[in-house]
Amino acid sequence: MRWQVTLFLMYIFSYTIDCQIRYSVPEEMKKGSLIGNVAQDLGLDLKRLQRGRARIVTEDSTQYAELKPDKGILVVSERIDREQLCGEITPCSFSFEIILENPMELHQVTVEITDINDNSPIFRKNQMSFEISESAALGSRFALATAEDPDVGINALQNYILTKNDNFVIKQHSNPDGSKYAEMVLQKALDREEHPQLSLKLIAVDGGNPQRSGTVNIDVTVLDVNDNAPVFNQTLYKATVMENAAIGTYITTVNATDADSSSNGKVSYAFSNLKEHLAEIFHIDGTSGVVTVAGNIDFEKDKRYEIRVEVKDQGGLTDTSKVMIEVSDVNDNTPVINIMSFSSPLSEDSPLSTTIAIINVKDADSGRNGQITCTIDDRLSFKIKSTLANYYTLVTDALLDRETKAEYNISVTATDSGSPPLSTSKMLHLRVSDINDNPPVFEQNAYYTTVLENNSPGTSIFTVNAQDPDSNQNARVSYFIHETQIGEDPVSSYISINSETGIMYAVRPFDYEQIKKIRFTVKAQDGGSPTLSSNATVNILIQDQNDNAPQVLYPVQTGGSVVAEMVPRSADVGYLVTKVVAVDVDSGQNAWLSYKLQKATDRALFEVGAQNGEIRTVRQVTDKDAVKQKLTVVVEDNGQPSRSATVNINVAVADSFPEVLSEFTDFTHDKDYNDNLTFYLVLALAVVSFLFIVSIIAILSVKCYRWRRERMFYKSGANLPVIPYYPPLYADVGGTGTLQHVYNYEVCRTTDSRKSDLKYARPSSESIISLDTSGTQTLTHAQRQKLANDGSHDQQKPPNTDWRFTQNQRPGPSGAAATPEVAVGTGPWPNPPTEAEQLQALMAAANEVSEATNTLGPGTMGLSTRYSPQFTLQHVPDYRQNVYIPGSTATLTANPQQPQQALPPPQASAAQPEPPKAAQTPASKKKSTKKEKK
């Protein structure tokens, strides 16, 4: 099937309408048939069609064409019947718009529908009847029924054909609108007597290929004579009527006359071959020929009507005329607004003249009634302009700012030019989308706040707040601290900030004496892309607390020497003795110092200035006043709570330095032990408790051990091993006979100290006692070695004469007592203990261990645990009174009545039951005196 494509390029003022395309296709094409290649005709790429979301916009209820964006073609989507779509209107076409976005484009497409010969001519009546008088004059015309063919052009009705007969011929006529009608003309007189009835056929044919036709039967009845036919006084009647005229409204009157008389002269009027829909609109009175309105007249449907009127007399003679009715338009249709495209939301950074919407307006009226003007509110930041007939574009006329106004209600009003004018409005709700064009703004450029020093870490100090007028993520504000140095430390070591709330916290305690002000910059940054930020300065002033006690600068306190201020006895009242100088590192009233006298040897003699710390005499110094005066001055600050410091001042009331020196020779200095007194007490308590617990555990362990050994001895019966007795302080080491245990005494004393240090060193060696394999003897390692080498039992040598005990002082069993005749150091060793004595000694040792902590009396020195169980405490001399120095005959004693003398020779010592007492010396007297003080 042939089809044509016509492309018209149109240059228009708006960039949104590019061109107009016109296609021509025949009707009754199958669905999916190609109409045209839009992409090729418009010069568009297929990707542009897909990316721009190309679509068809039409105001018709039926969409006859479909756009294939992937192929860029238009195809038939619905059956197209030209006769149904346009009726008799030619040319027949329908229009629609193709809209593309990003950027927005509008293309108008018109599809012309060409007719095909798909309809045959049709007569409304299947049969026509005529009653014609036999006296009808030749040339008489008889109107025939008109065939209707919906097709147009060559396919419409082209010719009428009358079947062959002797009396009538057909004559064709054309109406101004191109339609054809036929008349049957009498060419030969009728003879009722010969042919009272004639049967003819009228055939209507079109010009299509193949040709189509329609047929109607004509029955002619021949009547008697009626010589005159009615005649209209006008061949054409013209009238005008307003649309929407009321029913019964007068239009015009047709008039015809008949020369016949009587019944043959009476005529009647009727519409000839009136279309069905016109029969419902107009009415003609058959007697008077008045034409009136019978239905609704709509100018938008038909602007003009042509009606054929027939007049007939009683004899069947007729005449025809034409009535042309012009319809006057009335402004009865309001404009219609169609939104073809609308972009919402719109970015606030859109440039000027950005297209927001494409609007199509229509008015079914004509002339001025159909002229439409589209307007919007002039106070808005938009304007509307006409881009094509009946098309308007809504564009921006100013820069948008979402923070100023986030939404717009744009009322588009379309008004026609009728009288009175009709208008319609449509509301467009435009939302403005946000961009990150506003940085966060602090409430202040600089913030000031104060915080007390010695604050707790994590304390909330201050809160900064910044507002961002943007929305959503662009308005999400985060806070940061610019990294700067506060002295030698970064600011982050002092202050931290919550990035979401802006709350600042102290990282550590502040010290007013080290830093008095912290100045840093806080940055507020939004979450947009790219991010925007602003800065504010924060000043934190540290407030002082009274956390420092006053410090005394003068007089300087020394620990080991005595410093005294001299006041002559001739000093008058108000004599300046000295001045206490103190400072407080705090500030403000925390550093205001006051002085007062706390203690004094003679309060009536001295006073101290409350503000300046000057110590002056209150009265005249007299001879009765003591030389040594001690003052205690308290320096107190003005803080809450207040802190204080104490200074001791020694004042000497004397006229000469030697007098002062003699008085202050034995002046003692009291040391201040208050600083760590609590710590030392707690430490001592912990140590004593630990030692007590350890002692209890040791005693219980020793008791268990002794008890088990006792049971072992009881079970062994008479098979107890023989344990030879050896005094623990005597051993034969290399045949020298010296003491095995040597004690060193280190005495440290000062000239002016109440404490003396006495250090005890551990013994330089220990006696090693072993039990032989037979279990009958206990020997030292040296004795066993000597017995193994010599094979003989020699008598043990006596101890060295440097250290001797008398027989009463020597430890040993009851059977080991020496006789007075035997000299000390030359007689034999005590006899070995018997088996009963050994058992008795073991039992006594167990009791001694359990009572060791409670039975240590004067003179024991804790030596009972160092000797064998056979050694009792009563045999040990009192070493606190006498100090024996090994290798020397000198003896130190603490008894002031006992004279100091050397030890006697061994022979002499044997004759004396008690060792002589050392003589008293001045040194020993002084030591003894201090010892008694302790």
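Me: Before anything else, what do buried and exposed stand for here?
Reply: Buried means under 20% relative accessible area and exposed means over 50%, with partly exposed in between, using a 1.4 Å probe and protein chains only. This is a predicted model, in which local features need pLDDT of at least 70 and side-chain atom pairs count only at pLDDT 80 or more, while totals for chains, interfaces and linings use all residues. Residues are numbered from 1 along each chain as its sequence is written, and side-chain values use heavy atoms, with hydrogens and water left out.

Me: ok, so is Tyr408 buried or exposed?
Reply: Tyr408 is buried, because its relative accessible area is 7%.

Me: And how much of the chain is buried?
Reply: Of the 934 residues in the chain, 38% are buried.

Me: How many aromatic pairs turn up?
Reply: The search of the whole structure finds 14 aromatic pairs, where rings of Phe, Tyr and Trp (its six-membered ring) pair if their centres lie within 6.5 Å, and planes under 30 degrees apart count as stacked, over 60 as edge-to-face and the rest as tilted. One of them is Phe382 with Tyr408, which is edge-to-face because the planes stand at 90 degrees, with the ring centres 5.1 Å apart.

Me: Where do those two sit in the chain?
Reply: Phe382 is in strand β31 (residues 382–388) and Tyr408 is in strand β33 (residues 407–416), 26 residues apart, so the pair links distant parts of the chain; strands here are DSSP runs of E with at least two residues, numbered from the N terminus. Phe382 also counts as buried, at 3% relative accessibility.

Me: What about Phe442 and Tyr447?
Reply: Their ring centres are 6.3 Å apart and their planes are at 75 degrees, so that pair is edge-to-face.

Me: Switching topic, which strands make up the open four-stranded sheet?
Reply: The order is β47-β54-β53-β50, with mixed pairing, where two strands pair if DSSP finds at least two bridges between them. The edge strands, each pairing on one side only, are β47 (564–567) and β50 (593–600).

Me: How many bridges join β53 to β54?
Reply: Nine bridges join β53 (residues 628–637) to β54 (residues 644–653), and the two strands run antiparallel. Within that pairing, Val635 has Ala645 in β54 as its bridge partner.
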